[in-house]
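Student: I should like to go through the reasons behind each structural label.
Tutor: Let us take the terms one at a time and set each value against its definition.

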Amino acid sequence: MAQPIPDITTFFADNPLINASGCNCSTKGMLDILFKSAAGSVITKSATLAPRNGNPEPRYWAHPDGNLTINSMGLPNCGIQYYLDYFKRLDTSTNKYEHARFISLAGMTLEENLQMLDMIFNIETQYYMYIDVIELNLSCPNLIGHRQLAYDFPELETYLSKFIIHYNKLYKATNRHYPIYFGIKLPPYFEFWQFDAIVDILSRLPDNYLKFVHTINSVPNGLVIDIDTEATVIRPKDGFGGLGGAIIKPIALANVRGLYTRFKAAKLEILIIGSGGVASGEDVFEFILAGASMVSIGSQLMIEGAGCFTRILSELTALMEKKGYANLDAFRGKLKNV
Ligand code: RRO
């Protein structure tokens, strides 16, 4: 069994790196590699109640220079039971960095998400003893016929309230003496009114149960064209898909900063996991300066493999030494305006 997490803030501060859900984390073999990596935490591919094959291939493409990816995976995953069993069997000697265990949920309906919560918090199987954090993915861009819930603010508020009430009831019935932390994965927002709207909703949620937001998911519905073949580079949805890689970093930083300043102004204790185009220690530094508590690696993990965590951490450490920062708190959120 992994170590209990006494306090999410301390825990996030220890080692800020995590894989982005969906990137090399859908099978036992992939998760084993991540649990042996230098990341601080590991998250699964977003799970549904039943296993899914996802969209037809080709459904992922990376530009040779590594700065741009597009995907329309369509939520291929092994089903919630697979990931619960994985965590229960996880050998802590493998988990030598004592990574925290995040499970990502992306049920196709609210009922499906509540059912997955029922499975996690089942008193007999006690899967909740083997999971540290639950992340609810509200921002998959590639489900044919589904809208992204996190862009529908009124519906999102009702949905999240029901989810949290259920979560709270189940959690209270367990014998866990420390919480399983709960957070949500958001899509990119582009307008200030959208930042205001999402913060308003989060400020009204019951029971102060939301501990973090993970921002951003891939930028929805980009289109990449191959000039030689005069065709799209991925097949599903006529080539439209979620964009990742360095080109989305400014959008990601804007979302981290936009939410961080608003959380501070509203006195909301919601941490931020920053994501989007992170490929170096310098990138991690920028996200933390903008206000992130943790930083996730997506496209770069797909391109470079799990060794990226070792490289990125050492680049971050070298940069902090050069700048004379002893820890992340010394510069977190302290972005200056020119
Ligand atoms: O599986 C996907 O197509 C997918 C998901 Br669930 C997600 O959250 N973000 C993304 O870029 N792709």
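**Aromatic pairs, burial and packing**

Tutor: Ring pairs join F121, Y128, F163, Y167, Y171, F182 and Y209 into a cluster. The model is predicted: local features need pLDDT of at least 70, side-chain atom pairs count only at pLDDT 80 or more, and totals for chains, interfaces and linings use all residues. Residues are numbered from 1 along each chain as its sequence is written, and side-chain values use heavy atoms, with hydrogens and water left out.

Student: How many aromatic pairs does a search of the whole structure find?
Tutor: The search finds 19 aromatic pairs. Rings of Phe, Tyr and Trp (its six-membered ring) pair if their centres lie within 6.5 Å; planes under 30 degrees apart count as stacked, over 60 as edge-to-face and the rest as tilted.

Student: Why is the pair of Y151 and Y189 called what it is, given its centres and planes?
Tutor: The ring centres are 5.8 Å apart and the planes stand at 85°, so the pair is edge-to-face. Y151 lies in the loop between β6 and α5 and Y189 in the loop between β7 and α6, 38 residues apart, so that the pair links distant parts of the chain. Here helices (H or I, at least four residues) and strands (E, at least two) are DSSP runs, numbered from the N terminus.

Student: What class does the pair of F285 and F331 belong to, and why?
Tutor: With ring centres 4.3 Å apart and planes at 20°, the pair is stacked. F285 is in helix α8 (residues 281-290) and F331 in the segment after α10 (308-323), so the pair ties together parts that are 46 residues apart in sequence.

Student: How do you know whether Y189 is buried or exposed?
Tutor: Buried means under 20% relative accessible area, exposed over 50%, and partly exposed in between (1.4 Å probe, protein chains only). Y189 has 1% relative accessibility and therefore counts as buried, whereas Y151, at 30%, counts as partly exposed. F285, at 7%, counts as buried, and F331 is buried at 1%.

Student: Which residues does L316 touch, and is L316 buried or exposed?
Tutor: L316 lies in helix α10 and, at 4% relative accessibility, counts as buried. Not counting residues up to four places away in sequence, L316 touches P16, G281, V284, F285 and L328; contact means heavy atoms within 4.5 Å.

Student: What makes N55 count as buried?
Tutor: Its relative accessibility is 9%, so N55 counts as buried. N55 is found in the loop between β2 (41-43) and β3 (60-62). Leaving aside neighbours within four places in sequence, N55 is in contact with S72, M73, G74, N142, I144 and P236.

Student: How do you know that the span of helix α5 agrees with expectation?
Tutor: The expected span is 1.5 Å times one less than the number of residues. The 20 residues of α5 (residues 153-172) should therefore span 28 Å, and the end C-alpha atoms are 28 Å apart, which agrees.

Student: What covers the buried residues of α5?
Tutor: The cover includes β5 (100-105), α4 (110-120), β6 (133-137), β7 (181-186) and α6 (192-203). Among the buried residues of α5 are F153, L156, F163 and Y167. The buried residues of α4 pack against α3 (80-89), β5, β6 and α5.
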